[in-house]
Amino acid sequence: MPPSLQRRDTSVFDSFPWPDGPREISLFFVIALLDSYAGFTLDYIFVKFLEDTEHLSDFSTGWYFSVFGVAVLLFGFILAPWIDGLGVRQSLLLAAAVSSVGYLTLATVIHEAFFYTTLLLLIPIGQAVGTAARLIAVKRYTSDANRTFVFALYYVVVNIGSLLASVAVHLSKVNRHQLSSTGLPGGCNQFYREILLFSSLCELVMFPLAWTLREVKVGDADGKIYPFEPKAADVTGTFARIIGSPGYGRFLLLAGVFSLGVGATMRHLGSTFVIFYTRAFGSRAPYELIMAINPSILIFWTPLIGLYESRFHVSLYPAMLVGSLLSALCPLPLLIYPSMQASVVMFVIFTLGEGVWSPRLKEYSMVAPPEGHEAIYAAVDAAPKYVARFAAGGTSAILTTWLLPPDGQQRPRLLWLFILLGGLITPLVVFLLRSQLLSPKQAQPTFTPGHSQQMLLEGEGEEDPLGEGE
C-alpha cells in the first residue's frame, strides 16, 4: 500500500461515524449540493416545461420523461469504464462542463433540433457522469467505520439541493404570475429560462471546486488517507469481469425490483402528481411546495436512521423491506379522500420509507464493486430513478390520459390505486425472494460489527469482490 498522505490518531474517527476524512469531503458536499440543485430543478419543471414551451400533450410529455431517464441510464452504462479511468476529479470536471452547457442551451436556444439534442444527449451525459462520480467519491473519502453514516449525510445534502430547487421553482413561478398580471414582457418562457440559467451557473461554479480535488482514498482498516491512481479504461475487461460476477447479478436484480416498484412510485410523485394536483386544484396550485415536503423531512430523518442503523448494525434486508413497504403504501390517503391534506400525508409516508431504503441501496452500490470498477454499479444504482422514470413516464402518459383528461370525468382514486399496486411489487418480491436477492448475511437482521462490508456483500466469510472464487 502506498504511504499515507496523513498520519493521525483514528480513535475518534473509529468510535463515532462523523466524516473526519480528507479535506475533499467538505468540497465534495458543496459540489453535491450544487449538482443536486441543478438536477432537481429540471425534475420539478420537466413536465410543465414541455407542456408550456413545446405545447406537448400529456401522452407526449410522459414519454419524453421516460426517454430522458433511459438516456441517463444508458450513458451511465456506456461511459462507466471511462468514468473509472478518469477518476473522481476529472469525472466531476467533465460533468460540470457538459451540464453547464446543457442547461444554458435549454435556456437560450430556440431551434427545435438543438433543444431536443440537448435534452436527450447533453443533459443525460452530464447527469450520468456526475451521479456516478459523486457516489464513487463517498466511497473513496470514507472507511468501513463511517461509510453508512456518511452516505446518509450525502443523502441529506442531495435533499437540501432538492428543497432549494423546489423553493426556487416556487419563487420563480410567483414571479411569472406577477409578470403575466402586470402585462410586463416575460411570462411563461421567462419563468423556465431564469431557472435553467441559474442551474447552468451552479454547474459552472462546480468546475473550480472540482479542480481543487485530489485523487485520494481513505483506508478501510486504519482511516488514513492514501493517494489513489485511477486505472486506464479497460472497456472489454471491465464489462466481462463485473457483469459476469454473481454479486453484480444479485445487485442488478435488486435494483430492478426497486425500479419497477417504489422507484416508479417515486417518479409518479414527480410527474403524475403534478398533473393530478394542477388538474384538481388549478394551474396555479403550488405543487412544488407539496413536493418540498420530501427533502424537508429527509434532511432530518435520514441522518437519524443512519445513526440508528450504524449503532445497531441493521442489515440490508430489514431496511429494504420495511422502507419499501412504507413507501409503497403512500397513495392510501389519496385513495381515501383526494385532497390537498391527503397529498401532504402521502409525501410524508413515502419520505419516511425512502429515508430507510434509498441510502442503503446507494451504499450497497459502492461497497459491492471491486476498487476502481465502481462506475458500472453506480449506473445500476441509478436504475430506481431512471428505469423507474421510464416505467412511470409511460404509465403516467396512459393513466393521466385515461383517468385525468383535461375535459371530462376524472377518476383520481383509480389512478392512485394503480400506483399503489405497482409500488407493492418491491416489498412483496424482497420478502418472497430475499435468498435470491441478498446474500445469507445480508438477509439477517444485523451484520457483525468490525467485519468488512465487502465480505457481507458476497455472503461468505472470504472476500471475493468479482465473485470468481469457488
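A: The largest nonpolar core has 112 residues, and L254, F273 and W416 have the most contacts inside it. A nonpolar core here is a set of buried Ala, Val, Leu, Ile, Met, Phe, Trp, Tyr and Cys residues joined through side-chain atoms within 4.5 Å. Buried means under 20% relative accessible area, exposed over 50%, and partly exposed in between, with a 1.4 Å probe and protein chains only. Helix α2 (residues 24-53) gives this core its largest share, 16 residues. Helices (H or I, at least four residues) and strands (E, at least two) are DSSP runs, numbered from the N terminus.

The model is predicted: local features need pLDDT of at least 70, side-chain atom pairs count only at pLDDT 80 or more, and totals for chains, interfaces and linings use all residues. Residues are numbered from 1 along each chain as its sequence is written, and side-chain values use heavy atoms, with hydrogens and water left out.

Not counting residues up to four places away in sequence, W416 touches L269, F273, F276, P331, L334, L335 and M346; contact means heavy atoms within 4.5 Å.

V262 lies in helix α9 (residues 246-270) and counts as buried because its relative accessibility is 0%. Leaving aside neighbours within four places in sequence, V262 is in contact with S324, S327, A328, F350, W357, G423 and T426. Of these, S327 is 65 residues from V262 in sequence, with 6.4 Å from C-alpha to C-alpha.

T426 also belongs to helix α19 (residues 425-432), where the buried residues are T426, P427 and V430. Seen down the axis of α19, these buried residues fall within an arc of 90 degrees, so they line one face of the helix; the arc is that of the directions from the helix axis to the C-beta atoms. L428 and L432 are exposed on the other side of α19.

Charged side chains come next. The structure holds 4 salt bridges, each a side-chain nitrogen of Lys or Arg within 4 Å of a carboxyl oxygen of Asp or Glu. One of them joins R267 to D43, with the closest N and O atoms 3.3 Å apart. R267 lies in helix α9 and D43 in helix α2, so the pair ties together parts that are 224 residues apart in sequence. R267 is buried at a relative accessible area of 7%, and D43 is buried at 7%.

Helix α2 also holds E24, whose side chain meets that of R214 in a salt bridge (2.6 Å, N to O). R214 is in the loop between α7 and β1 (216-218), so this pair ties together parts 190 residues apart in sequence. E24 is buried, with a relative accessible area of 0%, whereas R214 is partly exposed at 30%.

E203, in helix α7 (residues 188-211), is buried yet has no salt bridge. The nearest side chain of opposite charge, R134, is 6.8 Å away; Lys and Arg count as positive and Asp and Glu as negative, while His and the chain ends are not counted. Beyond its neighbours within four places in sequence, E203 has contacts that include D35, A38 and Y103.

The protein chain averages a pLDDT of 79, and 78% of the residues score at least 70; pLDDT is the predictor's confidence in each residue, from 0 to 100. Over residues 448-470 the pLDDT is below 50, although this stretch has 50 contacts in the model beyond near neighbours in sequence. Where pLDDT is low, the predicted coordinates should not be read in detail.
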